[in-house]
Amino acid sequence: MLANIIGYIILGVVVLVIIIILLSCIRVVPQATEYVIEFLGKYKTTWTAGLHFKAPFFERIAKKITIKEQVLDSPPQPVITKDNVTMQIDTVVYFRIFDSKMYSYGVVNPVNALANLTATTLRNIVGELELDGTLTSRDTINMRLTSILDEATDQWGIKVTRVELKNIIPPAEIQNAMEKQMKAERDRRQTLLEAEGHKAAVITRAEGDKQAMILAAEGERDARIARAEGEAQAILLARKAEADGIRALKEAGADEAVLELRRYDALTKVAEGRASKIIVPTDAVNMVKRNVLFSETTGIGDVTAPLPEEKIPPKEDPCCD
């Protein structure tokens, strides 16, 4: 009886152990993670995200690898430029693992290998540049570093997506010289800007004065043209009115002399304030003289009538009273 009980207990323990072992062989791989599985010490397969079961005692999980993009922040590295200036440069490398098998078996400690490769490559690139070129060629250095590191780490299962120079720290004396140079450059730019501003102001002022003079001249010209047109219109109207008057005199039967006098009288009125003398043709003067002489001899056309003769009263004879 006791032996049976012991046998049942042992069987229960064995079943429990088997269940625990089987449960321990069931694994769930999380998202963005891969497991490298070895069978008796040899690579067998790579588990991706999901539920998996491994053979107990024969298979083991050799490495758990995240395939998310990672960041390697390297400490500042002393780098010597082409013109023998030592500066401190630190980099930031962005990478991800695209092949878990190559990452596990390609190199010992891949992250450390990537950091050392980054430092040596950076020294080689900066060593070909001078100080000014290093300070102004960040994009060029970043692209060259990315290209070289990406090509070199393919056999490690690493994809380098981006490399950035985080800080470039030159020596203190170089920094002082750069600050002085920067201040001098800013002073020069300020002087140039002030000179250009003064020049632009002078040019603008001169152009404004020129435009004002042009507008004043155009205004004066337009005013003179308007005055001349007004005067010409006034003269034209005056002559038209005089012509209408002469025409009316002709229709009324006035002789030629009167008409000539009216014409020259009109010319005299028109020329008031604009001429100092009126030139009268000789034939017009002779015609007027002949008319005057004829009027005086015949009495025709006199303007004033002769005065009536005064009657003298007869004187009284005192002797005949």
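**View 1. Three strands of the predicted model form an open antiparallel sheet.** The strand order is β3-β2-β5. β3 (42-47) and β5 (59-66) are the edge strands, and each of them pairs on one side only. From one strand to the next, the twist averages 25°.

**View 2. Strand β2 runs antiparallel to β5.** β2 covers residues 33-39. Seven bridges join this strand to β5.

**View 3. Helix α5 spans residues 138-152.** The helix has 15 residues. From its first C-alpha to its last, α5 reaches 21 Å, close to the 21 Å expected at 1.5 Å a residue.

**View 4. Helix α5 has a buried side and a face turned away from that side.** The buried residues of α5 are I141, N142, L145, T146, L149 and D150. They lie on the same side of α5 because they cover an arc of only 150° around the axis. M143 and E151 are exposed, on the face turned away from the buried side.

**View 5. Other elements cover the buried residues of α5.** The cover includes two helices, α3 (110-126) and α4 (131-136). Strand β9 (158-169) is also part of the cover.

**View 6. The whole protein has eight helices and nine strands.** Of its 321 residues, 22% count as buried. The accessible surface comes to about 23300 Å², and 59% of this surface belongs to carbon and sulfur atoms. Among contacts between residues at least 6 apart in sequence, 60% join residues at least 24 apart.

Key
Residues numbered from 1 in each chain as written. Predicted model: local features only at pLDDT ≥ 70, side-chain atom pairs only at ≥ 80, totals over all residues. Heavy atoms only, no water. Helix = DSSP H or I, 4+ residues; strand = E, 2+ residues; numbered from the N terminus. Expected span 1.5 Å × (residues − 1). Buried < 20%, exposed > 50% of the residue type's maximum accessible area, 1.4 Å probe, protein only. Arc of directions from axis to C-beta. Contact = heavy atoms within 4.5 Å. Areas by Shrake-Rupley, 256 points an atom, 1.4 Å probe, with all protein chains shown as cover. Pairing = 2+ DSSP bridges. Axes fitted to C-alpha atoms, helices over the stretch in contact; angles between N-to-C directions.
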